[in-house]
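Visitor: Could you take me through the aromatic residues and the nonpolar surface of this protein, one step at a time?

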Amino acid sequence: MSIHPPEPAAAASPPRTHDDTLDDDIRLHFEVQRLYTVEAHLLDQHRYADWLELFADDLHYWAPVRTNRLRRQQALADGSPGEVAIFDENKASLAWRIRRFDSGMAWAEDPPSRTRHLITNVMVRPGDEPGEYVAESAFLCYRNRLEREVDLYAGGRTDVLRRTEDGGLLIARRTILLDQNVLLAKNISTFL
């Protein structure tokens with residue numbers, strides 16, 4: 001049995017008030033909203049390599065297929081991991097897609113689409129691990145290509161955001177739920 005000297009008494013810090021907690025919540029919400037604003041700007045400017053830097057190395061970027069179900073079966077409406085998905089990617093596969101855009105071999109994006117990503121209804125709460133947050137948001141993505149191709153994608157996203165060593169935030173997990181279960185677009189080469 002080892003005996004350790006007593007820990008020095010910590011300097012008493014003033015108790016946190018409701019206003020302190022509210023200020024922290026407001027700062028966090030602003031930081032997440034700013035992250036999403038920067039993300040939308042990078043996507044709309046076709047700066048995909050810069051966009052990819054907003055994600056953690058162990059990223060899971062997932063959009064399950066949705067099905068129409070009766071009200072009592074709504075728990076089964078969204079696909080599960082391992083089932084067919086619109087997107088089921090990691091950072092390496094997203095990097096591969098971005099390199100393909102730059103190669104001239106992505107025919108669905110030559111000439112490139114014009115997009116506008118709108119992100120709203122952002123809500124943030126603490127995650128399961130220290131330094132992680134869960135952020136939910138709604139999105140609308142307008143896509144126009146050539147003269148007459150117009151697509152609208154609407155839905156919700158749930159992200160797990162992770163605090164970095166330098167104090168920033170990275171997106172570690174993204175689950176995208178489109179509000180349509182049958183995509184009417186010719187392709188979905190747009191990132192959401």
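Guide: A strand here is a DSSP run of E with at least two residues, and strands are numbered from the N terminus. Please keep in mind that this is a predicted model.

Visitor: In which strand does Y142 lie?

Guide: Strand 4 covers residues 132-145, and with the strands numbered from the N terminus, the element in which Y142 lies is strand 4.

Visitor: Is Y142 buried, partly exposed or exposed?

Guide: Buried would need under 20% relative accessible area and exposed over 50%. The relative accessible area of Y142 is 36%, so Y142 is partly exposed.

Visitor: Which residues form the nonpolar patch on the surface?

Guide: The patch has about 440 Å² of accessible area together. Strand 4 (132-145) and strand 5 (149-163) are the elements that give two or more residues to this patch. Its members are L118, L140, Y142, V150 and L152.

Visitor: How do the rings of Y48 and F191 pair?

Guide: By the rule for ring pairs the count comes to eight aromatic pairs. In the pair of Y48 and F191, the centres are 5.5 Å apart with 65° between the planes; since planes over 60 degrees apart count as edge-to-face, the pair is edge-to-face.

Visitor: How many residues apart in sequence are the parts that this pair ties together?

Guide: Y48 and F191 are both buried, and ring pairs link them into a cluster with residues including W51 and F87. Y48 lies in helix 2 (residues 48-52) and F191 in the segment after strand 6 (169-178), so the parts tied together are apart in sequence by 143 residues.

Technical notes
Residues are numbered from 1 along each chain as its sequence is written. This is a predicted model: local features need pLDDT of at least 70, side-chain atom pairs count only at pLDDT 80 or more; totals for chains, interfaces and linings use all residues. Side-chain values use heavy atoms; hydrogens and water are left out. Patches are made of residues with over 30% relative accessible area and no salt bridge: like charges are joined within 9 Å, nonpolar side chains (Val, Leu, Ile, Met, Phe, Trp, Tyr) within 5 Å. Accessible areas come from the Shrake-Rupley method with a 1.4 Å probe; for residues, only the protein chains shown count as cover. A salt bridge is a side-chain nitrogen of Lys or Arg within 4 Å of a carboxyl oxygen of Asp or Glu. Helices (H or I, at least four residues) and strands (E, at least two) are DSSP runs, numbered from the N terminus. Buried means under 20% relative accessible area, exposed over 50%, partly exposed in between (1.4 Å probe, protein chains only). Rings of Phe, Tyr and Trp (its six-membered ring) pair if their centres lie within 6.5 Å; planes under 30 degrees apart count as stacked, over 60 as edge-to-face and the rest as tilted.
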